[in-house]
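Please open the model in a viewer and keep the selection tool at hand.

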Amino acid sequence: MSVHDIRPKLSDTEKITINLGPVDLGQIDLLVQEGFYSNRTDLIRTAIRNQLAKHADSVHQTIARKSLVLGMQHYSRADLEAVQRAGEQLQIQVLGLASIGADVSPELALATIESVVVLGALHASPAVKSALAGRIK
């Protein structure tokens with residue numbers, strides 16, 4: 001199993017929806033119109049990054065306290081088969097992206113994954129996600 005610290009490419013991003021009041025939205029549009037930002041998304045993305053930077057120490061302390069993997073963690077079929085041979089089960093805890101190989105069967109996932117906590121995104125086949133539904137927190 002390998003861990004990679006990654007900065008997502010545009011295609012690796014998740015879409016979120018936010019609701020803003022008309023005054024906030026108007027202020028955003030004004031800043032965009034005045035050239036401070038190229039568009040609404042640019043301002044919102046910048047604001048989020050500024051808040052994350054402001055709270056970086058707290059995030060890192062929490063990651064250490066909760067033993068979270070930061071970045072990307074991929075679990076291949078070979079990884080899970082090795083866990084199964086060892087008679088062990090995984091407690092997946094990731095802040096970022098956790099992915100389970102497309103060739104992992106629901107049965108193998110159930111036999112080797114005790115729990116899943118992902119703050120970010122979990123990529124797995126629909127069948128594996130369905131099988132692990134009761135173990136995903």
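A nonpolar patch, as the term is used here, joins nonpolar side chains within 5 Å of one another, taken from residues with over 30% relative accessible area and no salt bridge. The model on display is predicted.

**First selection: a surface patch.** Select I16, I18, L20, I48 and L52; together they form such a nonpolar patch on the surface, with about 470 Å² of accessible area. Within this group, turn to L20, which is found in the loop between β1 (3-4) and α1. Because its relative accessible area is 37%, L20 is partly exposed.

Select residues 22-33, which make up helix α1. Just after α1, G35 can be selected; its phi is positive, at about 90 degrees.

Now display the side chains of D29 and R40, which meet in a salt bridge of 2.7 Å, N to O. This pair links distant parts of the chain, since D29 belongs to helix α1 and R40 to helix α2 (residues 40-54), 11 residues apart. R40 is partly exposed at 38% relative accessibility, and D29 is likewise partly exposed, at 30%.

**Next: helix α4.** A search of the whole structure finds two salt bridges. Another salt bridge to display is that between E81 and R77, whose closest N and O atoms are 2.9 Å apart. These residues are four apart in helix α4, so about one helical turn separates them. E81 is partly exposed with a relative accessible area of 26%; R77 is partly exposed with 39%.

**Next: the nonpolar core.** Which residues touch the most other members of the largest nonpolar core? Select L80, I92, I100 and I113, which hold that place among its 18 residues. The elements giving two or more residues to this core are α4 (77-85), β3 (90-100), α5 (106-112) and β4. The largest share, five residues, comes from β3.

Centre the view on L80. Leaving aside neighbours within four places in sequence, L80 is in contact with Y75, L90, I100, V104, L108, T112 and I113.

**Last selection: strand β4.** Select S115, which lies in strand β4 (residues 113-123). Is S115 buried or exposed? Its relative accessibility is 11%, and S115 therefore counts as buried. Beyond its neighbours within four places in sequence, S115 is in contact with L90, Q91, I92, R135 and K137.

Conventions:
Residues numbered from 1 in each chain as written. Predicted model: local features only at pLDDT ≥ 70, side-chain atom pairs only at ≥ 80, totals over all residues. Heavy atoms only, no water. Expected span 1.5 Å × (residues − 1). Buried < 20%, exposed > 50% of the residue type's maximum accessible area, 1.4 Å probe, protein only. Contact = heavy atoms within 4.5 Å. Patch = residues over 30% accessible without salt bridge, like charges linked within 9 Å, V, L, I, M, F, W, Y side chains within 5 Å. Areas by Shrake-Rupley, 256 points an atom, 1.4 Å probe, with all protein chains shown as cover. Salt bridge = Lys/Arg side-chain N within 4 Å of Asp/Glu carboxyl O. Core = buried A, V, L, I, M, F, W, Y, C linked by side-chain atoms within 4.5 Å.
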